[in-house]
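Visitor: Please take me through one part of this model in detail. I would like to start with the aromatic rings and then follow the chain into the packing.

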Amino acid sequence: MERDMEKSETMTYSKALEALEEILRKVENPEIPLTEVEKEVKRAMELIAFCRGELSGYKERFDKIMED
């Protein structure tokens with residue numbers, strides 16, 4: 001249900017970080033089944049890729065500002 005909400009809303013860097021923190025809390029639970037851990041790790045990788053893309057875009061814009 002949370003993921004459906006995330007998909008319907010526009011993802012932002014802040015929302016991605018919040019989702020990553022939630023995933024971390026989940027997988028730190030020793031009672032979580034490994035199948036759930038696998039699913040959460042896959043989602044975390046997607047979020048990390050999104051965050052890297054966002055940071056890369058900002059770096060390019062900042063570099064351009066510094067050149068001007």
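Guide: Start with the rings. The count of aromatic pairs comes to one. Keep in mind that this is a predicted model.

Tyr-58 also has a charged neighbour. The charged end of Arg-61 sits over the Tyr-58 ring. The distance to the ring centre is 4.4 Å.

The largest nonpolar core has seven residues. They are Ala-16, Ala-19, Leu-20, Ile-23, Ala-44, Leu-47 and Cys-51. Two elements, α2 and α3, each give two or more residues to this core. The largest share comes from α2, with four residues.

Take Ala-19 as the example. Ala-19 is found in helix α2, residues 13-27. Is Ala-19 buried or exposed? Its relative accessible area is 10%. The cut-off for buried is under 20%. Ala-19 therefore counts as buried.

Finally, look across from Ala-19 to Arg-43. In sequence, Ala-19 and Arg-43 are 24 residues apart. In space, their C-alpha atoms are 9.2 Å apart.

Methods:
Residues are numbered from 1 along each chain as its sequence is written. This is a predicted model: local features need pLDDT of at least 70, side-chain atom pairs count only at pLDDT 80 or more; totals for chains, interfaces and linings use all residues. Side-chain values use heavy atoms; hydrogens and water are left out. Buried means under 20% relative accessible area, exposed over 50%, partly exposed in between (1.4 Å probe, protein chains only). Rings of Phe, Tyr and Trp (its six-membered ring) pair if their centres lie within 6.5 Å; planes under 30 degrees apart count as stacked, over 60 as edge-to-face and the rest as tilted. A charge sits over a ring if NZ of Lys or CZ of Arg is within 6 Å of the ring centre and within 35 degrees of the ring normal. A nonpolar core is a set of buried Ala, Val, Leu, Ile, Met, Phe, Trp, Tyr and Cys residues joined through side-chain atoms within 4.5 Å.
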